[in-house]
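Subject: Handing over the structure and what was found in it

Dear colleague,

Please find the sequence and the structure below, followed by an account of what was found.

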Amino acid sequence: MMYLKDYKKESILAPLFKLLEAFFELMVPLVMANIIDYGISNRNMGYIGKMGLLLLLLGVVGLASSITAQFFAAKAAVGFSTKLRQALFNHIEDLSFTDIDKAGTSTMITRMTSDVNQVQSGINMTLRLFLRSPIIVFGAMIMAFTIDVKCALIFVVAIPLLSIVVFGIILSTIPMYKKVQSRLDQVLGITRENLTGVRVIRAFCREKEAVSEFDTRNQELTKLNLFVGKLSALLNPVTYVLINIATVILIQKAGVEVNLGGMQQGQVVALYNYMAQMIVELIKLASLIITLNKSAACAGRVADILKVKSSMSYPAATESAKASTSTDSENAVVFDNVSFEYSGAGAPSLSNISFSVKKGQTVGIIGGTGSGKTTLVNLISRFYDASEGTVLLDGQNIETYTRNDLRSRVGVVPQKAALFKGTIRDNLKWGREDATDNDLWQALTTAQGKEVIEGKPGQLDFGLEQNGKNLSGGQKQRLTIARALVKKPEILILDDSASALDFATDA
């Protein structure tokens, strides 16, 4: 609820205006009773007209209160979800690669989109109905007592019975909504996998298999949704049956009282209207509880991500007194008996690795696919922490560097070229915001990308699509190499960054 603290006013005003609306709504049956008993019975048109205007006034003021409450509730709910989504995104950005690998990209996307939207709906509905519906239900019962005690006892029996049914069904569906969101994660995961790998799927003519697998997961989600939906759907018919039974008993009792002269016809109509109000509000309350169940399940999933503490911590300041300048060590990088194992891998990817790279030296790491080349260079940038041993940068343990200090010293060109939507200039300046156009062109020349960019309309201002999909593989690799060069790092890591380049360009 910390994300609602900036919306305290809205969170208070929304339910207050809903209570005001409820108060006016509870007055309507009494006004109708007076119209029947004093206006129609006595054929007093003046009184009927006056009471009619009062009904109109109650309706207008109630509508205004409802709209105002909706405005404040929507403002608070949208503001809450905006802050929550931002906090979640910020938290995910701070997680280590190990933490992200454990959670999975698909589930994080679901939690930032679908789950947060469900929580937003829950907040909105709560502010609008959480107080209003119980007030109407119990208010109707109290108002019934002001009319006739014997008939009001029907309300006293009906409300607990209805509550047992409503909450019984709701409690049984709570764990199922969590399963639904989990199945949604799986559907999103396979969707993401198929869309990102669509070229591979088509190259191997696996379209039918991909569709079949998606259909299987989709059907599982649909079946679970249908089961939960059927269980939730019992709410309406069961509550209507109970309410209608209560209504029949109420009319029978009230009819007897009218015949005995203990009640007037208008009072019977008022009691019936209170019972009808109770029906509507209990259905709304049931709907609210279903929404709250979904929201609670989704909020729990979002909270699970927010509770994850990053497995990697950085010092507030680089510990070495010579942090801002190079140390006297002749070695740029040293691996001292380093081993590393991915979480849940079952076997180490690197074992007892020891070597040193001197400043100004160029080193090539050669090995078969899956031999751990990328894993090794990821330890230099501290994308992962070594399971055993020590990695030294410039004679100093990399764990003593701040994040910014470490990243400023190391430039990485990843195995998979990743570019972002925006201009070429924006992408090249990721490493150094103050880089001049001359710096960018120098980096492009070194990366053999100058001619490529000169041939684009707007050159450095040429707009890139998401992930640079309007460039070829080789063009993307040249730009990612140039991006790392613009940074002018002390250590440059090229992780199979020339796989899409010809031999001459690579050289």
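Helices (H or I, at least four residues) and strands (E, at least two) are DSSP runs, numbered from the N terminus. This is a predicted model, in which local features need pLDDT of at least 70 and side-chain atom pairs count only at pLDDT 80 or more, while totals for chains, interfaces and linings use all residues. Residues are numbered from 1 along each chain as its sequence is written, and side-chain values use heavy atoms, with hydrogens and water left out.

I begin with two backbone angles. Most residues other than glycine have a negative phi. Arg382, in the loop between helix 11 (373-380) and strand 3 (388-393), has a positive phi near 60 degrees although it is a residue other than glycine. Asn352, which is found in strand 2 (residues 350-358), is not a glycine either and has a positive phi of about 50 degrees. Are these residues buried or exposed? Buried means under 20% relative accessible area, exposed over 50%, and partly exposed in between, using a 1.4 Å probe and protein chains only. Arg382 counts as buried at 3% relative accessibility, whereas Asn352 is exposed, with a relative accessible area of 52%.

Next comes the nonpolar core, meaning a set of buried Ala, Val, Leu, Ile, Met, Phe, Trp, Tyr and Cys residues joined through side-chain atoms within 4.5 Å. The largest such core has 50 residues, and those touching the most other members are Phe155, Leu271, Tyr274, Met275 and Met278. Two or more residues come from each of helix 1 (8-40), helix 4 (105-129), helix 5 (132-147), helix 6 (149-196), helix 8 (207-233), helix 9 (235-260) and helix 10 (265-307), and helix 10 gives the most, with 15 residues. For a view of one member, take Tyr274: if its neighbours within four places in sequence are left aside, Tyr274 is in contact (heavy atoms within 4.5 Å) with Leu26, Pro29, Leu30, Ala140, Met143, Ile147 and Phe155.

Helix 8 can also be looked at by itself. Helix 8 has 27 residues and reaches 37 Å from its first C-alpha to its last, close to the 39 Å expected at 1.5 Å a residue, where the expected span is 1.5 Å times one less than the number of residues. Its buried residues include Leu221, Leu224 and Val228, and the buried residues of helix 8 pack against helix 6, helix 7 (198-203), helix 9 and helix 10.

Now to the strands. Strands of a sheet pair through backbone hydrogen bonds, either parallel or antiparallel, and here two strands pair if DSSP finds at least two bridges between them. An open sheet is formed by 4 strands in the order 2-1-3-4, with antiparallel pairing. Strand 2 and strand 4 (396-397) stand at the edges, each with a single partner strand, so one side of each has no neighbour in the sheet. Strand 1 (residues 331-340) and strand 2 run antiparallel and are joined by 6 bridges; in strand 2, Ser356 is the bridge partner of Val334. Elsewhere, strand 5 (residues 410-413) and strand 8 (491-494) run parallel and are joined by 4 bridges, and Val413 has Leu494 in strand 8 as its bridge partner.

Lastly, there are the charged pairs. A salt bridge is a side-chain nitrogen of Lys or Arg within 4 Å of a carboxyl oxygen of Asp or Glu, and a search of the whole structure finds 17 of them. In one, the side chains of Arg301 and Asp115 meet at 2.7 Å, N to O. Arg301 lies in helix 10 and Asp115 in helix 4, so this pair ties together parts that are 186 residues apart in sequence. Arg301 is buried at 8% relative accessibility, and Asp115 is buried too, at 0%. Arg409 and Asp405 also meet in a salt bridge (3.3 Å, N to O); both lie in helix 12 (residues 403-409), 4 residues apart, about one turn of the helix, and both are buried.

With best wishes
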